[in-house]
Amino acid sequence: MNKNVSPRSRGDTLCVWTALVLCLTPAAIAAQSISDIRIVTPRDFGYTIGDKIRHEMHLSLYEPHQLDTTTLPKTGRLNRWLEIAQAEAIVEHRDAIVFYRIIVDYQIFNAPPQLASVTIPQLEFLTTGGANPIPVFIPAWTFSIAPITSPHARQSLSLRPDRQPHAIPVISRSIRLLISALLLTGLLMYLAYRHWLLPRLNRERYPFSSALAKLLKLQRPDSGPQNYRFGLKAFHAAVNATAGHVVFAGNLHDFLLANSKYAPIRAELAALYARSQDIFFNDAEAAEPRASLQELVDICRRCRTFERSVA
Amino acid sequence: MTENLSSDVQLADWQALALAIEGALKKVMVGQDKAIRLLCIATFARGHVILEGNIGVGKTTLLRALARTLGGGYERIEGTVDLMPSDLVYYTYVDADGKPQVAPGPLLKHGEALATFFFNEVNRARPQMHSLMLRVMAERSVSAFNREYRFPHLQVFADRNRVEREETFEIPAAARDRFLMEIEIEPPADPGLLRDLMVDPRFHDTEQLLDEVATAIVDYRELNGVSVAIQRNIHTSDAIQQYALNLCRATSDPVALGIRLPDTDMARLILAGVSPRGMSYLLRAARVAAWLDGHESVLPEDVHEVFLAVVAHRVFFRPAYELRRGELAKELTEQIMQSIATP
C-alpha cells in the first residue's frame with residue numbers, strides 16, 4: 001500500500017489525509033482497493049460573502065474497485081453559511097488503476113457581522129466493485145469568514161439604486177424593420193394592382209376582352225344551351241359596358257351610331273340580338289349550342305379587335 | 001297562340017280593331033301618337049287613366065274621341081271645389097207638373113252600359129269625391145238608393161292640368177295607385193303640326209272634328225273578355241318577368257344602381273317605390289303593348305313603352321321634391337331603364 005505523502009503541488013495549503021483515512025477503515029480492505037488518496041484545499045482564511053472555495057480530492061482505486069458517484073454530495077444549501085455550487089468526479093483509467101479527480105465547489109452566501117469561524121462538514125464516499133462497499137471519509141475543514149463592512153458602517157448603509165440597464169443599439173434594427181415594412185408594402189401593392197386593380201381596369205377599358213375570356217371558359221365539349229345563355233349574357237354585358245347604358249335590339253342602331261368602329265359587323269350584331277331575344281324572351285333554344293357559342297366567340301373576338309383599335 | 005285564340009277571342013281580329021281605333025284617334029289628334037298608343041293599351045288592359053298636361057292640348061277631345069270609338073255610355077263631370085259625391089249619384093228637379101223629382105246622376109244614368117267616365121280637373125274636387133271615385137275604380141260599383149249599382153265595363157279617365165295648383169286637392173296615394181297609367185299630353189313637337197292646328201279650320205270646331213271619328217269600332221261589352229285573352233295568351237318568359245321585377249324594385253332604391261339626378265339628394269328623394277299592384281299593372285300593360293305590336297311574347301321594348309306611364313305616378317317622392325315630380329319621374333325612369341340589363 002502506497003501511503004503517499006504528496007508534495008506541495010500548489011500555492012494553496014496541501015494536506016495529506018491518507019493516514020487519517022486508513023485509520024477510519026479496516027486497513028486490509030483499504031489496502032486492496034485504494035491505491036492513493038490526496039486532498040487539496042485552499043487557504044483557510046480571508047473569505048467574504050460570495051467567495052467560492054474549491055476542494056479537490058484525488059482518489060486512485062485498484063480495478064475493479066470504483067467510486068460510487070451517487071455518493072457525491074448534492075448541489076444546494078449546506079448550512080447557514082454555505083451552499084454546494086458544484087460536485088463532480090472526473091475519471092481516468094491507467095494501468096489497472098482508476099484515477100478520480102473529485103471537485104466540490106462551496107460558495108459563501110452569508111456575511112457575519114464580525115470575523116467568524118465556519119466548518120465544512122465531513123464528507124463520505126463509497127467505493128463499489130469489491131465484496132463490500134468501502135467508505136472513504138473526507139474530514140471536516142474549518143476556515144474563517146470576514147465581514148464586508150465595519151459594524152459602525154452597517155447602521156448608515158443604504159441600498160444603492162438599481163443600475164440602469166445597458167442600452168442596446170437598435171438603430172440598425174429599426175432601419176432593417178423599416179426597409180422590410182416598405183418592401184412588404186410594395187409587394188402587397190403590386191399584388192393588389194396585378195390581381196385586383198388591373199383586371200378591373202381592363203374590364204372597364206376592354207369589356208370585350210373580359211367577355212371573350214369568359215366565353216372561352218364556357219367553350220367545352222359538353223357545352224349545352226345553358227352555356228350559350230351564359231355566353232350571351234357575358235356578351236350583352238360587354239356591349240352595355242361599352243355603350244355606358246343597356247343596349248337592346250331596339251336601340252342597337254343608336255349604339256352603332258355612337259360607336260361606329262363596330263359598324264362593320266352591324267348585320268352580325270343585329271342577328272345576334274334577334275337570336276338572343278328569341279332565346280331569352282320567347283324561350284327558344286339554340287339548335288346547335290356549341291356551334292352558336294363558337295359563332296358568339298368569333299363575334300366577340302372581332303369586337304375585341306375593334307375595341308382596341310382607334311375609332 | 002292561334003289555338004288558344006280560337007277558344008277565347010280572335011285576338012288577331014281584335015288587334016286589327018285596336019289599330020283601327022288608334023288610326024281613328026290619330027286622324028283627329030295630330031302629334032299625339034304616343035299618348036294615343038298608351039290610351040289604347042290602357043283600354044285593352046282595362047285600366048283607368050289620368051291625363052296630365054297643359055291647358056288646351058286636347059285632353060278632353062282625345063277622350064271624347066276614344067269614347068266614340070268604344071261606344072257605350074259616356075259621362076263627364078267637371079271637378080269643382082263644391083262638388084259632392086251625391087252630385088254624381090242623383091239630382092233633383094221640379095217636373096212639368098210642379099212635382100219634385102229625383103233622377104239618377106251621371107254615374108247611374110247609364111247603368112251597366114256606362115263605358116267611359118271622364119272626370120275633368122279631378123284635383124279641383126274635394127277628397128270626398130276622390131273617395132267615391134276610388135271605390136268606383138276599384139270595385140266598379142257604387143251603393144245608392146238602397147242597392148248596389150255595378151259598372152262592369154267602366155273605364156275612368158281623369159284629367160288634371162299642371163298649370164294651376166291653387167285651390168286644388170292632390171289625389172291621395174291610394175287613389176293614384178288605382179290608375180293604371182298617368183299619361184302626359186304635350187303639344188305636338190313638330191312645328192309643322194302646330195301650324196296645322198293653328199291654320200286648318202278642321203281643327204277649330206271640336207264637335208265637327210269629333211263627328212269624323214267612327215263610332216263604336218268595337219263592342220265595349222267584349223273588352224273585358226279580350227283583355228283576359230290577351231293576358232292569357234301573350235307569353236312572358238322568366239327573363240322578362242325578372243327584368244320587370246328588377247325595374248320596379250329599382251324605383252325603391254335607385255341609389256343602389258348608382259343613379260344620380262341633377263340637384264337632388266338621392267338619399268332623401270324616395271318615400272316609396274312601386275307597389276305590388278303597380279308591378280302587376282306594369283306586366284299587364286306590357287302584354288297589351290306586345291299584342292298591339294304583334295309580338296307573341298313580351299319584349300323589353302314593350303316594357304319600356306309603358307314603364308314611364310305605369311310607374312311614374314306610383315313613385316312617391318318626399319314633399320320637398322313633389323313640385324319637381326314631372327321632371328324627376330321622367331329622368332328617374334329613364335335612368336333605371338338604362339341601368340338594368342336584360343338578359
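In this predicted model, chain B contains an open sheet of 5 strands, arranged in the order β2-β5-β8-β1-β9 with parallel pairing. Strands β2 (73-78) and β9 (179-185) of chain B stand at the edges; each has a single partner strand, so one side of each is left without a neighbour in the sheet. On average, neighbouring strands of this sheet are turned by 15° against each other, direction ignored.

Within the sheet, strand β1 (residues 48-53) of chain B pairs with strand β8 (residues 155-161) of chain B in the parallel sense, over 5 bridges.

Chain A provides a helix pair. The axes of helix α5 (residues 207-218) of chain A and helix α6 (residues 225-243) of chain A come within 9 Å and cross at roughly 175°. Because angles over 145 degrees count as roughly antiparallel, α5(A) is roughly antiparallel to α6(A).

The residues that meet are listed below.

| Helix | Residues in the contact |
|---|---|
| α5(A) | P207(A), F208(A), A211(A), K214(A), L215(A), L218(A) |
| α6(A) | N227(A), F230(A), G231(A), A234(A), F235(A), A238(A), V239(A), A241(A), T242(A) |

By residue class, the contact of α5(A) with α6(A) comprises 11 nonpolar, 3 polar and 1 charged residues.

Terms used
Residues numbered from 1 in each chain as written. Chains lettered and ligands numbered in written order. Predicted model: local features only at pLDDT ≥ 70, side-chain atom pairs only at ≥ 80, totals over all residues. Heavy atoms only, no water. Axes fitted to C-alpha atoms, helices over the stretch in contact; angles between N-to-C directions. Helix = DSSP H or I, 4+ residues; strand = E, 2+ residues; numbered from the N terminus. Parallel < 35°, antiparallel > 145°, perpendicular 65-115°, else oblique. Contact = heavy atoms within 4.5 Å. Nonpolar A, V, L, I, M, F, W, Y, C, P; charged D, E, K, R; others polar. Pairing = 2+ DSSP bridges.
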